[in-house]
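Open the model in your viewer and keep the selection tool at hand. We will go from stop to stop.

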Amino acid sequence: MLTPATLTRVVGAALDEDAPWGDLTSTTLLPADAEAVADLTAREPGVFSGGDVFAAAFSLTDPSLTVDVHVGDGDEFAPGDVLATVTGSARSILTAERVALNFTQRMSGIATLTSQYVRAIEGTSARIADTRKTTPGLRAFERHAVASGGGRNHRFSLSDAVMAKDNHLAVLQSAGGDVAEALRNALAQLPHTTHVVIEVDRLDQIETVLAGGAHTVLLDNFSLDDLRAGVALIGDRATIEASGGVDLETVRAIAETGVDVISVGALTHSARALDLGLDVRIS
């Protein structure tokens, strides 16, 4: 969640990185009393995300700046649209400009890509979810951007759910452990609210993880035929998630197999930053 504490911590760190001893250009070249108005302007179409982050970059730099965000997170925009306006000290606006743009361009890029995936599966029962393949330190911002684009958030961290993947199962089995028994033992120790997801990469693994009590079975890198077979085999005994080999060309066919969730790492690790600019007007 984009809590005030998260905004202050992450945006503050970015500002400290960008101007650790102040902005030498603005403070030496610009009059201290110069005022300006700056418009956040779209250079291309997209879906907006990061309004609070954009505002925080300016307010943490200079609380006297006025920031008006004209669109909401999740709103679509067209080239030339003015998305936000900042008014106040020209020095302060130019000091915060790059950080504000970096976050907003990145987040809007993720929201825009996510919306394309969501539109691609319209009419199916599946939903698009993100993964933990996020930029270190920016997960809260990037996950928020996925939600802005109409996607769903997976577990936020390793502390939020049990999710056993191929490497976990390989270690367990190499130690002589029984997967179903290990799952039952884990469930006996966990709070009843904890969700358990188990990844499989073959159809013959499904019954074992269901016997262990998995709440979600993640079908990883399955062919379309095997996805359909997995959906038929699992039925309503668990939530069915698909991952691997997902892109905008394949996602519709994957959704049509009947899976409940499609997790897409590309939403956060491959999204392109949108072209947004901050156009300064002297007031």
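Select R43: this residue is partly exposed, with a relative accessible area of 39%. (Buried means under 20% relative accessible area, exposed over 50%, partly exposed in between, using a 1.4 Å probe and protein chains only.) The model is predicted: local features need pLDDT of at least 70, side-chain atom pairs count only at pLDDT 80 or more, and totals for chains, interfaces and linings use all residues. Residues are numbered from 1 along each chain as its sequence is written, and side-chain values use heavy atoms, leaving out hydrogens and water.

(A salt bridge is a side-chain nitrogen of Lys or Arg within 4 Å of a carboxyl oxygen of Asp or Glu.) The two are 236 residues apart: R43 sits in the loop between β1 and β2, D279 in strand β12. (Strands are DSSP runs of E, at least two residues; helices are runs of H or I, at least four; both are numbered from the N terminus.) D279 is partly exposed too, at 30%.

Stay on β12 and pick R281. It forms a salt bridge with D39, with the closest N and O atoms 3.0 Å apart. D39 lies in strand β1, 242 residues from R281. Buried or partly exposed: which is D39? D39 is buried, at 11%, while R281 is partly exposed, at 44%.

Next, select V280, also in strand β12. Together the three make a nonpolar surface patch of about 260 Å². (Such a patch joins nonpolar side chains, Val, Leu, Ile, Met, Phe, Trp or Tyr, within 5 Å; its residues have over 30% relative accessible area and no salt bridge.)

Move to helix α4, residues 90-120. Its 31 residues reach 43 Å from first C-alpha to last, close to the 45 Å expected. (The expected span is 1.5 Å times one less than the number of residues.) Of these residues, 22 are buried, so α4 is largely enclosed by the rest of the structure.

Now pick E199 and K165. Their side chains meet in a salt bridge, 3.8 Å from N to O. E199 belongs to strand β8, K165 to the loop between β7 and α6. E199 is buried, at 6%; K165 is partly exposed, at 32%.

Last, select D201, R202 and D204, which are linked in a network of salt bridges. Zoom out: the protein has 11 helices and 12 strands.

Conventions. Patches are made of residues with over 30% relative accessible area and no salt bridge: like charges are joined within 9 Å, nonpolar side chains (Val, Leu, Ile, Met, Phe, Trp, Tyr) within 5 Å. Accessible areas come from the Shrake-Rupley method with a 1.4 Å probe; for residues, only the protein chains shown count as cover.
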